[in-house]
Amino acid sequence: MARGLATMSESDDDLRLVRRAAEGDAAAAGEALVRHRARLRRMVDARLDRRVRGRVDPSDVLQDGFADALARLPGYLADPKLPLFLWLRLVVGERLAKVHRDHLGAQARDAGREVSLYRGPMPAASSAALAAHLLGKETSPTQAAVRAERLVRLQEALNALDPLDREVLSLRHFEELTHAEAARVLDIQEAAAAKRYVRALKRLKDVLSAL
C-alpha cells in the first residue's frame, strides 16, 4: 500500500475505499467519488462565476471533474499526499478553473464590484455569492426589496474583511469543511483557521444584527 496513506486524516470509509481502489476495485473508485458528490457540488456552486451561469451547468462541471479524477486516480493512489476529499476537491477545482478560462478568458479575474474571497489555486467565491448564501432567499416583492438592501450592506462588510477570513467563511459555510480541512486547504494551523472563522463570523453577526 502507498506510503503515507495511514497518516492521512480521513474517515475509515474513505480509507477502505482508497485501499480497495488501489487493489483494482473499479466499483470502489466510483463509490469514492459518489460519496463526496454533494460536498463537491457545493464547492462548484460557490465558485462558478456568475457570468458563466446560464452557459455552464454546475452538474456538467462536476461530471467533467469526476472524469478527470478517475483518469488521475492511479497517480493519486500511488502516492496519496492529501486526504481523498481534499484531493477530489482540488481536481474538480482545476476543472472549474478551466471552464472559467474557456468562457471568460482575460476577464476571468474581473468580477466588477465583487471581491474575490481568496486568491488560491482555484476560482474564488465572490463576496456577493457569500452574502447571498448567508442571507438566504426571500419570496415576496417586499421581502425581496429589503433583502437587496441587506445584501449590499453585507457584501460591503465582507469586502472589508481580510481575504483569508473571507475564504475561511466560504470554506466553512459554502462547502461545510471542518476546521481541520479548511486549515489544510489554506496551509495554516487548525487553531488559526478556527480563530479567523470566529472573528469573521462575529463581525458579520454585528452587521446582520444592525440590518
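**Figure 1. The largest nonpolar core of the predicted model.** This core holds 51 residues, and Trp87, Leu158 and Leu169 are the members that touch the most other members. Helix 5 supplies the largest share of the core, with ten residues. In soluble globular proteins, nonpolar side chains tend to be buried together.

**Figure 2. The surroundings of leucine 158, one of the core residues named above.** When neighbours within four places in sequence are left aside, leucine 158 is in contact with Ser127, Leu130, Ala131, Arg166, Leu169 and Leu204. Among these partners, Leu169 is also named with Leu158 and Trp87 as touching the most other members of the core.

**Figure 3. The aromatic pair of tyrosine 76 and tryptophan 87.** The model contains one aromatic pair. Its two rings, those of tyrosine 76 and tryptophan 87, are stacked, with 4.5 Å from centre to centre and 20 degrees between the planes. The pair links distant parts of the chain: tyrosine 76 belongs to helix 4 (residues 58–78) and tryptophan 87 to helix 5 (residues 84–104), eleven residues apart. Tyrosine 76 counts as buried because its relative accessibility is 4%, under the 20% limit. Tryptophan 87, with a relative accessible area of 9%, is likewise buried.

**Figure 4. The charged end of arginine 39 over the ring of phenylalanine 85.** In this view, the charged end of arginine 39 is placed 3.8 Å from the centre of the phenylalanine 85 ring.

**Figure 5. Arginine 172 over the face of tyrosine 197.** Here the distance from arginine 172 to the ring centre of tyrosine 197 is 4.8 Å.

Key:
Residues numbered from 1 in each chain as written. Predicted model: local features only at pLDDT ≥ 70, side-chain atom pairs only at ≥ 80, totals over all residues. Heavy atoms only, no water. Phe/Tyr/Trp six-rings, centres within 6.5 Å; stacked < 30°, edge-to-face > 60°. Helix = DSSP H or I, 4+ residues; strand = E, 2+ residues; numbered from the N terminus. Buried < 20%, exposed > 50% of the residue type's maximum accessible area, 1.4 Å probe, protein only. Lys NZ or Arg CZ within 6 Å of the ring centre and 35° of its normal. Core = buried A, V, L, I, M, F, W, Y, C linked by side-chain atoms within 4.5 Å. Contact = heavy atoms within 4.5 Å.
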